[in-house]
Amino acid sequence: MTQLHAIIKPKTRRSKRFLESRAPKLTEDVKSAMIMKGGNAGLTITQALKDIYSLKKPNAVLYKKKNITRPFEDSTSLEFFSKKTDCSLFLFGSHNKKRPNNLIFGRLFDFHVLDMIELGIEKYVSLSEIKVSKCPEGTKPMLVFAGEAFDTDNEHKRLKSLLTDFFRGPTVSAVRLAGLEHVLHFTALEGKIYFRSYRCLLKKSGCRTPRIELEEIGPSFDFVLRRTHLASEDLYKLAHKQPKALKPKKKKNISHDAFGTKLGRVHMQKQDLSKLQTRKMKGLRKRKGAVVAEEQDGQAPKVAKGES
């Protein structure tokens, strides 16, 4: 019987560094993608994979050789390549008579396929066909999703999550204004998904805030949704589970209002107001006329402290 999940002890320093890089971390590395084509891939699919690879650089691996596999029928080869290259995302391109110009976006969890969504290319404009200046390699894009389907339909919700994982890039703590120059726009309309890539141009506006113009730089896709392979809700929640060390600790008696103002609640012991020391003022003393009126009513006069 073979032993599963056996502990591998490194024999050299190089193997030790390799195993440490593959070990689980509190803050995971940037998700890498492997991009490959099937046995039958035409010129359109080959060029489309190269353009998406240029958007995903440097966190991507492009396979130039053909891989005869069908992900929806057998995903063992994808899982093998994922474990070999340490990639949790994949893009598979293929072409046949039944499903022409086919792209499969997918992601893996624990080196097993989690989600796969198949998109068919109906219209395509490559990067080289649009003769404008491009964004530098490795630019973190801004992702925009338009259309009600991304908020209502379950398959489009998963597609939105998958595309966000695929194109989001590294997590950064701060971004400068000049670095926000690449926009990826996804629109879901009438059963189709339109993918556009723009470059932000900061123009003079006569005030402190610049005027923004969008210039299309490519590539451009018109997709149609085909087959899907979605994970169950339990497995999907397990894949999104975070370690306890990353969860922010809840601070007691601290809250924030709608404007982001930090509010604190202070707890004090109950005060005895009878022992409260107040300030003595001459204006609070009773006059002599008021004392005489109290005597006539049969009440004992109250003598203020300090009066004789």
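1. A residue is called buried when its relative accessible area is under 20%, exposed when that area is over 50%, and partly exposed in between, with a 1.4 Å probe and only the protein chains taken into account. By that rule Asp 165, with a relative accessible area of 12%, is buried. This is a predicted model, in which local features need pLDDT of at least 70 and side-chain atom pairs count only at pLDDT 80 or more, whereas totals for chains, interfaces and linings use all residues. Residues are numbered from 1 along each chain as its sequence is written, and side-chain values use heavy atoms, with hydrogens and water left out.

2. As for the whole protein, the secondary structure comes to 7 helices and 12 strands, where helices (H or I, at least four residues) and strands (E, at least two) are DSSP runs numbered from the N terminus. Of the 308 residues, 30% are buried. If a contact is taken as heavy atoms within 4.5 Å, then among contacts between residues at least 6 apart in sequence, 65% join residues at least 24 apart.

3. The structure holds 12 salt bridges, each being a side-chain nitrogen of Lys or Arg within 4 Å of a carboxyl oxygen of Asp or Glu. In one of them the side chains of Asp 165 and Lys 31 meet at 3.0 Å, N to O. This pair links distant parts of the chain, since Asp 165 is in helix H5 (residues 154-167) and Lys 31 in the loop between helix H1 (13-22) and E1, 134 residues apart. Lys 31, at 37% relative accessibility, counts as partly exposed.

4. Asp 165 also meets the side chain of Arg 107 in a salt bridge of 2.9 Å, N to O. Here again distant parts of the chain are linked, with Arg 107 in strand E4 and Asp 165 in helix H5, 58 residues apart. Both Arg 107 and Asp 165 are buried. A network of salt bridges links Lys 31, Arg 107, Asp 115, Arg 158, Asp 165 and Glu 233.

5. In helix H3 (residues 76-85), the residues Leu 78, Glu 79, Phe 81 and Ser 82 are buried. They are on the same side of H3 because they cover an arc of only 165° around the axis, the arc being that of the directions from the helix axis to the C-beta atoms. Phe 80, Lys 83 and Lys 84, on the other side of H3, are exposed. The buried residues of H3 pack against strands E1 (33-37), E2 (60-66), E3 (89-94), E4 (102-109) and E5 (112-125). Just after H3, Asp 86 takes a positive phi of about 60°.

6. His 95 has its place in the loop between E3 and E4, and is partly exposed, with a relative accessible area of 31%. A polar atom of its side chain lies 3.0 Å from the backbone nitrogen of Asn 101.

Note on methods:
Polar contact = N/O pair within 3.5 Å; in protein donor to acceptor, adjacent residues only side chain to side chain.
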